[in-house]
Amino acid sequence: DILPVKLVAVTKRDALAGTEKKKVRAVVCGNFQRKQGAEDLYLQNADITSVRAVLAAAVPKKFGIRAIDVKTAFLNATLPDQLEAVFARPPQALAEFGIVAPGTVWKVSKAISGLRISPRVWGAERDKEFRMMKITIGKAKYVLNQSDSGPVLGRP
């Protein structure tokens with residue numbers, strides 16, 4: 001099967017700066033993808049109770065808390081080899097603008113927005129990278145340990 005791809009156009013407003021930014025992204029229509037029998041697409045993230053506990057522990061120690069945007073990292077997660085090949089047809093508009101040749105079909109090798117398996121694949125990639133991360137503050141060295149609260153694709 002060749003999945004269709006749509007273009008999603010949005011205008012992002014920055015109220016503080018008084019600016020607008022127009023963006024367009026390609027999104028696979030994952031709802032056209034045939035479901036596999038025992039698909040496991042669930043991606044576990046930190047629940048709100050855990051987030052509140054971390055914040056409560058950080059405040060008295062005056063730790064800084066930051067959030068990061070991982071949208072680009074999401075798109076760098078490689079689809080597993082055991083996954084059936086996924087093909088997608090770019091929107092006609094990309095051919096009309098000369099960005100792709102007419103009749104082009106893409107073989108999807110990385111997570112892409114709209115593909116049902118993408119969140120799960122991203123979770124495995126994220127967890128793999130966090131397991132390798134080492135943090136040094138002064139003379140102290142730290143590593144991140146993953147919670148055993150749920151299953152994760154690719155966990156050793």
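This report describes the confidence, fold elements, surface and one backbone feature of a predicted model.

## Basis and confidence

Residues are numbered from 1 along each chain as its sequence is written, and side-chain values use heavy atoms, with hydrogens and water left out. Local features need a pLDDT of at least 70 and side-chain atom pairs count only at pLDDT 80 or more, while totals for chains, interfaces and linings use all residues.

The mean pLDDT (the predictor's confidence in each residue, from 0 to 100) of the chain is 82, and 83% of the residues score at least 70. Among the elements, the lowest mean, 68, belongs to helix 2 (residues 71–74), and the highest, 93, to helix 3 (residues 92–96).

## Secondary structure

Four helices and six strands make up the elements of the chain; these are DSSP runs, with helices being H or I of at least four residues and strands E of at least two, numbered from the N terminus. Their order along the sequence is β-β-α-α-β-α-β-α-β-β.

## Contacts and surface

Of the contacts (heavy atoms within 4.5 Å) between residues at least 6 apart in sequence, 60% join residues at least 24 apart.

The chain has 156 residues, of which 21% are buried, meaning under 20% relative accessible area, whereas exposed is over 50% and partly exposed lies in between (1.4 Å probe, protein chains only). The accessible surface, from the Shrake-Rupley method with a 1.4 Å probe, comes to about 11,900 Å², and carbon and sulfur atoms account for 58% of that area.

## Backbone at Lys62

Lys62 lies in the loop between helix 1 (48–61) and helix 2. Although Lys62 is not a glycine, its phi is positive, at about 60°. Lys62 is exposed, with a relative accessible area of 75%.
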